[in-house]
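Please look through the structure shown below together with its sequence, and follow the account from strand pairing to side-chain contacts, backbone angles and helix packing.

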Amino acid sequence: MSDKEQLIIFDTTLRDGEQSPGASMTREEKVRIAKALERLRVDVIEAGFPIASPGDFEAVKAVAAGVKDSTICGLTRALDRDIDRAGEALAGAESARIHTFIATSPIHMERKLRMSPDEVVAQAVHAVRRARRYTDDVEFSPEDAGRSERDFLCRILEAVIAAGARTVNIPDTVGYSVPYQFGDLIRTLIEHVPNSDKAVFSVHCHNDLGLAAANSLAAVRNGARQVECTINGLGERAGNAALEEIVMAVRTRRDHFDCDTRLDTTQIVPCSRLVSGITGFAVQPNKAIVGANAFAHESGIHQDGVLKSRETYEIMRAQDVGWSENRIVLGKHSGRSAFRARLQDLGVSFASEEDLNAAFARFKDLADKKHEIFDEDLQALVTDTNLDATNERIKLVSLRVCSETGETPKAHLVLAVDGEEKPGISIGGGPVDATFRAIETIVASGTVLKLYSVNAITSGTDAQGEVTVRLEKGGRIINGQGADTDIVIASAKAYINACNKLLQPRERAHPRTGDV
């Protein structure tokens, strides 16, 4: 990093990002993403909300044990039981942070908390002091700061900093702010809180009006030195400030920002693809930095300019954020050692030889179907292997679909349900519809299909198709993913993956009393 001040990057993909409907991650998936964030050199990883559920607790604990070069953070309400649970989950972390919050807007204090302003200040101070029993690195957030009275914000921030909070985070909880207003708020707080020099000021902006990145950068211009963000801008509702946009804006416009991050930006695109593959949330082609078209040029004038001098139409180098032609020179004759070595280069390791063998068998099958295998294929292959390993009640045994001009498509399949093979037959409006209907004749999930999307993992007609389905049942939303060179088979895998998740106990139940 340069001699400029450090801008701390606080990634909340595993916590706030997971609150996107259908984006729940398993413990193993959270660890994979956390390790990718560690390679990206993210400063702080908010791994979850430990009090939310046993599953969230175990995931935070696993991330804390598996990541050494980033600080691992757990979110808590300003309640003793939340803080104690977070302290327990983070006990194995090399570097731990507890992030506690309480609402400070008049409407929240009066109608939700039913507490007076004095009581809220006292509770916030108590929470910070209790969190310091477990770690010296404590962060405090006044929830709904955008609708809070500025004098009261100054009062509570002064009190929590005095109690030992090293970071104070100002959230735009409902994404209502505009840049000049939010920047002014940050500057005012820093100027009027007497002990503001004893803490790092942070921001956490939501994207409801499409202004999350702009608001965050306005805050940085006015003294904030931590930004809370997510990979691909993932998050509930319209999402959060996108990490890749914040980092590259600060680095590209050095003339406007007197700070910089320590991130290895070449890891941005690989991390983006991993998060997209695990959550099933595809990245739109025109997404800044990580979209497939971010460095593509269609216009003849643009193409001519770029060929003469890249800087005419490109303000960043594609290689700087991780866009490259990373082909793997492996084929059906390659051995397990080469396979394992390449996956290790991608940050993928296996808990056992059995897991490696399962992934290697899938690789061999894929090598028979595809001439060239890319790193993205390997990431999808590992995800597919993990899905099978954790969700085995329903398996696809065989599938045959007949689709021809003038005839109604018909699907014949066999599923293994708890080890017992069951046949299913159905017609549909197309081969995928017929396949889904045939699956339903066996599993009778009672769900409603809310989303079906297909994304080509790599280029070429032999590319694997990555399918995401989103099912809803009784207010519960579940994503399923599947990948294959045959789109119909990938679709069946995705639907079965979602059905398997539906059969699992519901581990996540966030105490949605607030959000930061």
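In this predicted model, Ile8 of strand β2 has Gln226 as its bridge partner in strand β9, and the two strands, β2 and β9, pair in the parallel sense over four bridges. Strand β2 is also joined to strand β3 (residues 44-48), with which it runs parallel, by two bridges, and here Phe10 stands opposite Val44 of β3. In a regular strand, side chains alternate between the two faces of the sheet.

Side chains of opposite charge can pair when their charged atoms come close. The count of salt bridges in this model comes to 32, and one of them is formed by Lys30 and Glu18, whose closest N and O atoms are 3.2 Å apart. Because Lys30 lies in helix α1 (residues 27-39) and Glu18 in the loop between β2 (8-11) and α1, this pair ties together parts that are 12 residues apart in sequence. Lys30 is buried, its relative accessible area being 1%, and Glu18 is likewise buried, with a relative accessible area of 3%.

Which kind of surroundings, buried or partly exposed, does Arg27 have? The side chains of Arg27 and Glu28 meet in a salt bridge, at 3.5 Å from N to O; Arg27, at 38% relative accessibility, counts as partly exposed, and for Glu28 the value is 38%, so that Glu28 counts as partly exposed too.

A further salt bridge is found between Arg97 and Glu139, with the closest N and O atoms 2.8 Å apart. This pair links distant parts of the chain, as Arg97 belongs to strand β5 (residues 96-103) and Glu139 to strand β6 (residues 138-143), 42 residues apart. Arg97 is buried at a relative accessible area of 6%, and Glu139 counts as buried at 0% relative accessibility. Elsewhere, salt bridges that share partners join Glu5, Arg225 and Asp258 into one network.

Most residues other than glycine have a negative phi, and most peptide bonds are trans. Asn232, although it is not a glycine, has a positive phi of about 65°; this residue is found in the loop between β9 (226-229) and α9 (243-252), and it is buried, with a relative accessible area of 17%, a value that falls below the 20% limit for that class. Asp418, a residue other than glycine, also has a positive phi, near 50°, and it lies in the loop between β14 (410-417) and β15 (420-427).

Two packed helices are described by the angle between their axes and the distance between the axes. Helix α7 (residues 179-192) packs against helix α8 (residues 212-221) at an angle of about 35°, the axes being 8 Å apart, and α7 passes α8 in a right-handed crossing. On the α7 side the contact is made by Pro179, Phe182, Gly183 and Ile186, and on the α8 side by Ala214, Asn215, Ala218 and Ala219. Sorted by class, this contact of α7 with α8 has six nonpolar residues, two polar residues and no charged residues.

The tour ends at another sheet. Strands of a sheet pair through backbone hydrogen bonds, either parallel or antiparallel. Here three strands form an open sheet in the order β16-β17-β18, and the pairing is antiparallel. The edge strands, each of which pairs on one side only, are β16 (448-456) and β18 (476-484), and neighbouring strands of this sheet are turned by 15° against each other on average, direction ignored. How many bridges pair β16 with β17? Strand β16 and strand β17 (residues 465-473) pair in the antiparallel sense over eight bridges, and within this sheet Val448 stands opposite Glu472 of β17. Helix α16 (residues 487-503) packs on the sheet and touches β16, β17 and β18, while its direction makes about 145° with that of β18.

How values were computed. Residues are numbered from 1 along each chain as its sequence is written. This is a predicted model: local features need pLDDT of at least 70, side-chain atom pairs count only at pLDDT 80 or more; totals for chains, interfaces and linings use all residues. Side-chain values use heavy atoms; hydrogens and water are left out. Axes are lines fitted to C-alpha atoms, for helices over the stretch in contact, and angles run from 0 to 180 degrees between N-to-C directions. A crossing is left-handed if the near helix is turned anticlockwise from the far one by less than a right angle, and right-handed if clockwise. Contact means heavy atoms within 4.5 Å. Ala, Val, Leu, Ile, Met, Phe, Trp, Tyr, Cys and Pro count as nonpolar, Asp, Glu, Lys and Arg as charged, and the others, Gly among them, as polar. Two strands pair if DSSP finds at least two bridges between them. A salt bridge is a side-chain nitrogen of Lys or Arg within 4 Å of a carboxyl oxygen of Asp or Glu. Buried means under 20% relative accessible area, exposed over 50%, partly exposed in between (1.4 Å probe, protein chains only).
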